[in-house]
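Have a look at the model, then read on.

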Amino acid sequence: MASRVTRGWFLIRPVVNTTAHKGNINATIGAAVTALCIKRTGTIARREHATYAYEDQQQQHPTELDSGTEKRTTQGPRRYWSKAEIKAIYDSPLLQLVFRAAQAHRVTHDPSKVQLCTLMNIKTGGCSEDCSYCSQSARYETSTKASRLLSVEPVLEAARRAKENGSTRFCMGAAWRTATGRPRSFNNILTMVSEIRAMGMEVCTTLGMLTPEEAKQLKEAGLTAYNHNLDTSREYYPEVITTRSYDDRLNTIEAVRSAGISVCSGGILGLGETDNDRVGLIWEVSNFEEHPESFPVNALVPIPGTPMENNPPVPVHTLLRTIATARIVLPETIIRLSAGRQTLNETEQAMCFMAGANAIFTGDAMLTTPCSPWDEDKAMMERWGLSGMRSFEQPGVKAKERARLAEKDTTIATPPHSPSLSEAQASL
């Protein structure tokens, strides 16, 4: 362990042997022990990640990254992880993994803050896709019945209610393969986006595949984020869906990113995938042009009538490994504990927060599965010393939204107070 004292700054930084044998877990994630530069005389601490996954943007000397085959130099969140590196993180002893993820989490996020999101199904069922987990597919006999797109006012009323209950992001889902060819419905959605954004909330939609032009229109209407999950690894994906290719999904994600919309993209656990597929999913998003703004981690809720109705429950340790690995590999990304959360007891949810999850869905329902109600979630968060994020508090979102917020003369939320070293240690 090396340390130095310079002009009132104290740095603890572990020295990592990047030439160590690849089988040595510490050579891959041992450096994930948090190093905090704390200005002793200041009220706001400057923090520095000690892992090679992240390097402070203000640092003068970039860090060399050793993948085992080549060295690269970068600043900001590391991209271009190898699957072997991510697998080594995923396979490390669980408590050690959660501990290191908790430390990494405290470098780039306030560990006391959780983003509260509310999801509304604005067009249910009748989807032409064959996603094996989804009751909204027209191919399966389920209790979910097809309906038309809701009119604008009921959606706005739901958004107002969500805001009153503390949610700062409102998400809308429509069961379509694509929005293309539905001009009237798409225009109504643009109105919903614009009106909800005017409430001061972040707005997210999931509408299937998008063209670049549709993405631009959503951006102009005020859309904050677009959800388009990859679901699983490229290798396992054909076992889950055959009507839309993996590259179709990546093309939509690229259209969204190019339009200046934050990308929300993650996956579903419990589809019959292996650990290698979970690693493959994280590897895929870690190699995006930009890391996604948020990474939803869903646990399958088997629905009668779907091909996956008899899939076994996702073990809690699998959920924790996935969240913790994603936190280390995607240090600045919001890790969203999504569908299936209501199956976890309070202690298991707390472990997910410790492992790096910092967003939840709360309210009346998910798209077709249950959701924990606002009152229960707020009581749980109070017991655990957690509070909700403000709208546009996440740095990546704030950067993309700065111009629009400035145009409307809206105050941009300032980052939370960075914890001191003693505060960070006390919270572990």
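Let's start with Tyr 246, which is buried at a relative accessible area of 4%; buried means under 20% relative accessible area, exposed over 50% and partly exposed in between, using a 1.4 Å probe and protein chains only. Keep in mind that this is a predicted model, where local features need pLDDT of at least 70, side-chain atom pairs count only at pLDDT 80 or more, and totals for chains, interfaces and linings use all residues. Residues are numbered from 1 along each chain as its sequence is written, and side-chain values use heavy atoms, leaving out hydrogens and water.

What does the structure hold in the way of aromatic pairs? There is one. Rings of Phe, Tyr and Trp (its six-membered ring) pair if their centres lie within 6.5 Å, with planes under 30 degrees apart called stacked, over 60 edge-to-face and the rest tilted. Here the rings of Tyr 237 and Tyr 246 sit with centres 5.2 Å apart and planes at 75°, so the pair is edge-to-face. Tyr 237 is buried too, at 3% relative accessibility.

Zooming out, the protein has 13 helices and 15 strands; helices (H or I, at least four residues) and strands (E, at least two) are DSSP runs numbered from the N terminus. Of its 428 residues, 57% are buried.

Now for the inside. A nonpolar core is a set of buried Ala, Val, Leu, Ile, Met, Phe, Trp, Tyr and Cys residues joined through side-chain atoms within 4.5 Å. The largest one has 87 residues, and Tyr 133, Ile 196 and Leu 218 make the most contacts inside it. Helix H9 (residues 316-329) gives the largest share, seven residues. A second, separate core has six residues, including Cys 117 and Cys 171. Contact means heavy atoms within 4.5 Å, and leaving aside residues up to four places away in sequence, Ile 196 touches Val 155, Leu 156, Ala 159, Phe 170, Met 172, Met 201 and Val 203.

Strand S7 (residues 169-174) has six of its six residues buried. Arg 169, Cys 171 and Gly 173 are on one side, with Phe 170, Met 172 and Ala 174 on the other.

| Partner of S7 | Bridges | A bridge pair |
|---|---|---|
| S6 (residues 113-123) | six | Cys 117 with Arg 169 |
| S8 (residues 202-206) | five | Thr 205 with Met 172 |

The chain gets from S6 to S7 through helix H4 (residues 152-164), in a right-handed β-α-β crossover. Right-handed means that, with the strands pointing away from the viewer, the path from the first strand over the helix to the second runs clockwise. S7, helix H5 (residues 183-197) and S8 make a right-handed unit as well.

How much of helix H8 is buried? Nine of its 12 residues are, so H8 is largely enclosed by the rest of the structure. Those buried residues pack against helix H2 (83-90), helix H7 (246-258), strand S11 (267-269), S12 and H9.

Last stop: Ile 303, in the loop between strand S12 (294-299) and H9. Ile 303 is buried, with a relative accessible area of 12%.

Key. Two strands pair if DSSP finds at least two bridges between them.
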